[in-house]
Amino acid sequence: MKTPLMVFLLIAMAARINGEDPYRFFNWNVTYGDIYPLGVKQQGILINGQFPGPQIDCVTNDNVIVSVVNSLDEPFLITWNGIQQRRNSWQDGVYGTNCPIPPGQNFTYILQVKDQIGSFFYFPSLAFHKAAGGFGGITISSRPMIPVPFPPPAADYTILAGDWFKQNHTDLKAILDGGSDLPFPDGLLINGRGSNGFTFNVDQGKTYRLRISNVGMSTSINFRIQGHKMLLVEVEGTHSLQNTYSSLDIHLGQTYSVLVTADQPPQNYFMVVSTRFTSQILSATSILHYSNSPGTFPAPPPGGPTIQIDWSLNQARSIRQNLTASGPRPNPQGSYHYGMVNFTRTIRLANSAPVINGKQRYAVNSVSFIPADTPLKIADYFKISGVFSLGSISDSPTGGGGYLQTSVMAADFRGFAEIVFENSEDTVQSWHIDGHFFFVVGMDGGQWSASSRTSYNLRDGISRSTVQVYPNSWTALYVPLDNVGMWNIRSQNWARQYLGQQFYLRVYSPVNSWRDEYPIPKNAITCGRASGRKTRPL
């Protein structure tokens, strides 16, 4: 394995010679450590001793170099939720593309946030490490010459919120491996702490940007600030129509960016997150502290919506693109007329919860995903047969019982897909597509059919990478398949993902060219049936 110093020197030399976009370097040491987020000692996963992990702040097109030393006693990977990895699924950090970093060893991720802006996060993708921490925020600022559709805020805060369990991640994994589902979460965290464990300081009259992500395991949340309105400005890399909300539903894996003005009398105010669509309502609070506050609170924390689905659906439909704002490039976001592109393929994906061999599993189109002994992208590159088969998952629901399979769907580079997620269960689903953005063109209750297309929003549907599907409902997307690679499509409910509600989409170009896809990294780790194989000369 190549040393971090050697990788650093090679990258620095290449940048100097080629005059590339700026480089930002991060050195991370991943360790276990004691944490007490809900007042109970747990084994957490820390990055440089921090829980949550360090934030990555960068600018559009920056090269982000993250050297990760795995000081755990088990293999480890990090994935970058919403970072598109243009032409470079080698850096995606999921087991379908990357061999894990062995204990005691190092791997350097070489990412470029090409043509992206906005708010995202990273987290551990292997085993059940996500339940132990190891997550952190990512912000991608616009380049100086690109106009942003709102004035610069006084400060910028990242809020990583979500449900949490008091049990260690190893115990939760054992429950799932034993064929059972997880219990109900024990609480909610805001930036790694329970209620009132975190304070956000503001000055009266100033406006602040909050980037709020649901990094939880199993539940949607609602976010609100006592006495304050929120102006939505960005959704997972897209400038949104600037609507005002008193509270926002944030589903698993989603991120919203809002502006909040400290325009109330000088006091302390509660920031509240609470679970949505659960019979038992969990909540947690943080403090919005005015610098000239006497330290008092105006009233108890405000309540929020609980099980109301129509309320959430209507809010989701109101979240749309700002067509006149520039994105990562100077041209307006609305200059891409997705509604005028003819889709080349329809993919319908239905989630289910089968019991297979006496154990609880989750499936997509009846297939419950099982990892192969070799990462799929690695096996594809070395042409190792028998690891996976294209077409091992249907592109429409089969209606049959569930079965186990390493499921990979084939797709053509530069295709334009209509993807419909169909949810016949009574729980909210949250889906993520790696390597791509998509346009949310429709969502409604009942069964999807071709006639549902008459209700599609073909003008200003929000563009994002994670979307919810309400109970007994459907959500439709338009997806430009413009990124060659092996890409994970998964449930953001981490128990469902772990137990099979995921698959891989192989977006293929017959042209063996750097124009379409970067070659295998020189420092790539090989494992499984690819163990000992060489990548490229360093």
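Where is the place of proline 52? I went looking and found proline 52 in the loop between strand E2 (42–47) and strand E3 (56–59). What I'm looking at is a predicted model, so I keep that in mind for every entry here.

**Entry: proline 52**

I checked the backbone at this spot too. The peptide bond leading from phenylalanine 51 into proline 52 is cis, and I noted omega near -5°.

**Entry: the whole protein**

Next I stepped back for an overview. I counted up the elements: the protein has 36 strands and 5 helices. Its radius of gyration is 22 Å, close to the 24 Å that the globule rule gives for 538 residues, so the protein is as compact as a globular protein of that length. I also looked up the extent of the C-alpha trace, which spans about 65 × 55 × 50 Å along the principal axes.

How much of the protein do buried residues make up? I got 58% of the 538 residues.

Then I looked at contacts between residues at least 6 apart in sequence. Of these, 77% join residues at least 24 apart.

I found 40 positive and 35 negative side chains in the protein, and the centres of the two sets lie 5 Å apart.

**Entry: strand E18**

I picked strand E18 (residues 255–261) and asked how covered it is. Buried residues account for 6 of its 7, so E18 is largely enclosed by the rest of the structure.

Which strands pair with E18? One is strand E12 (residues 207–214), which runs antiparallel to E18 and is joined to it by 7 bridges. Within that pairing, I traced tyrosine 208 to its bridge partner in E18, valine 260. Another is strand E14 (residues 230–235), also in the antiparallel sense, over 4 bridges. Here I see leucine 232 standing opposite valine 258 of E18.

A reminder to myself while tracing these: side chains in a regular strand alternate between the two faces of the sheet.

**Entry: strand E36**

I moved on to E36, residues 502–508. This strand is mostly covered, with 6 of its 7 residues buried.

In which sense does E36 pair with strand E28, parallel or antiparallel? I found parallel: E28 (residues 407–412) and E36 share 5 bridges. Alanine 411 stands opposite valine 507 in E36. With strand E35 (residues 485–491), E36 runs antiparallel, and 6 bridges join the two. I followed one of these to methionine 486, whose bridge partner in E36 is arginine 506.

**Entry: alanine 524**

Past E36, I stopped at alanine 524, which sits in the segment after that strand. Is alanine 524 buried or exposed? Its relative accessibility is 17%, so alanine 524 counts as buried, the cut-off being under 20%.

I then looked for what lies around alanine 524. Leaving aside neighbours within four places in sequence, I found alanine 524 in contact with Phe107 and Thr535. I also noted glutamine 91: it is 433 residues away along the chain, yet its C-alpha is separated from that of alanine 524 by 9.2 Å.

**Entry: tyrosine 456**

I looked up tyrosine 456 in the loop between strand E31 (438–445) and strand E32 (463–464). Despite being in a loop, tyrosine 456 counts as buried, at 8% relative accessibility.

What is tyrosine 456 in contact with, leaving aside its neighbours within four places in sequence? My list reads Glu418, Val420, Val441, Gly442, Trp448, Trp474, Ala476 and Tyr478. I also checked valine 440, which is 16 residues from tyrosine 456 along the chain; the two C-alpha atoms are separated by 8.8 Å.

I found serine 366 in the loop between strand E24 (363–364) and strand E25 (367–369), and at 7% relative accessibility it counts as buried.

I noted asparagine 472 as partly exposed, with a relative accessible area of 41%.

Technical notes: Residues numbered from 1 in each chain as written. Predicted model: local features only at pLDDT ≥ 70, side-chain atom pairs only at ≥ 80, totals over all residues. Heavy atoms only, no water. Buried < 20%, exposed > 50% of the residue type's maximum accessible area, 1.4 Å probe, protein only. Pairing = 2+ DSSP bridges. Rg over C-alpha atoms; globule rule 2.2 N^0.38 Å. Contact = heavy atoms within 4.5 Å. Lys, Arg positive; Asp, Glu negative; His and termini not counted. Charge placed at Lys NZ, Arg CZ, Asp CG, Glu CD.
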